[in-house]
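Thank you all for coming; I would like to walk you slowly through one structure this morning. Please have a look at it first, and then we will go through a few of its parts together.

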Amino acid sequence: MRSHRCEHKLNVFVYGTLLPGEANYHVIAPYVIDSRPGSVRGSLYDYGPYPGLVLDGEGLAAGEWLTVSEEALDPLDELEGYYGPGQDNEYERVYVADAVNPQLSGWVYVWNDSRGCPRIQDGSWRDHARRKGGSSE
């Protein structure tokens, strides 16, 4: 039986395969309480089956702010290869504010650089994936 503790909520900005309807949404879906569109300052890069976000301030990356229960962080960290500060992480987990509505803030998984991948010019993974021919699986 679960303990009767307060459920803590937090926001996570998603911009790629964690978006509703995309390949990895099932990882976060059980924890989602609410969602709303948003954007963060940065550039998206096409890694093939998924994108990476670099917070370079050069553009806007489109996505959604998901309000989730705090239990979502463990499966998200596992999916994104985040092992903690100073570790050899695939993605870093950092706290950011929305580019248009700075009162809205939360966690996002980012790269430190483009890793030599092509930039997604319009900042939308969904539109880019559609242009690439839909599913890349």
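What we have is a predicted model, in which local features need pLDDT of at least 70 and side-chain atom pairs count only at pLDDT 80 or more, while totals for chains, interfaces and linings use all residues. Residues are numbered from 1 along each chain as its sequence is written, and side-chain values use heavy atoms, with hydrogens and water left out.

Helices (H or I, at least four residues) and strands (E, at least two) are DSSP runs, numbered from the N terminus. In helix α2, residues 73-80, the buried residues are L73, L76, D77 and E80, where buried means under 20% relative accessible area, exposed over 50%, and partly exposed in between, with a 1.4 Å probe and protein chains only. Seen down the axis of α2, these buried residues fall within an arc of 100°, so they line one face of the helix; the arc is that of the directions from the helix axis to the C-beta atoms. On the other side of α2, D74 and E78 are exposed.

Let us move to R36, which lies in strand β2, residues 32-41. Is R36 buried, exposed or partly exposed? R36 counts as partly exposed because its relative accessibility is 35%. Leaving aside neighbours within four places in sequence, R36 is in contact (heavy atoms within 4.5 Å) with E64, W65, T67 and L104.
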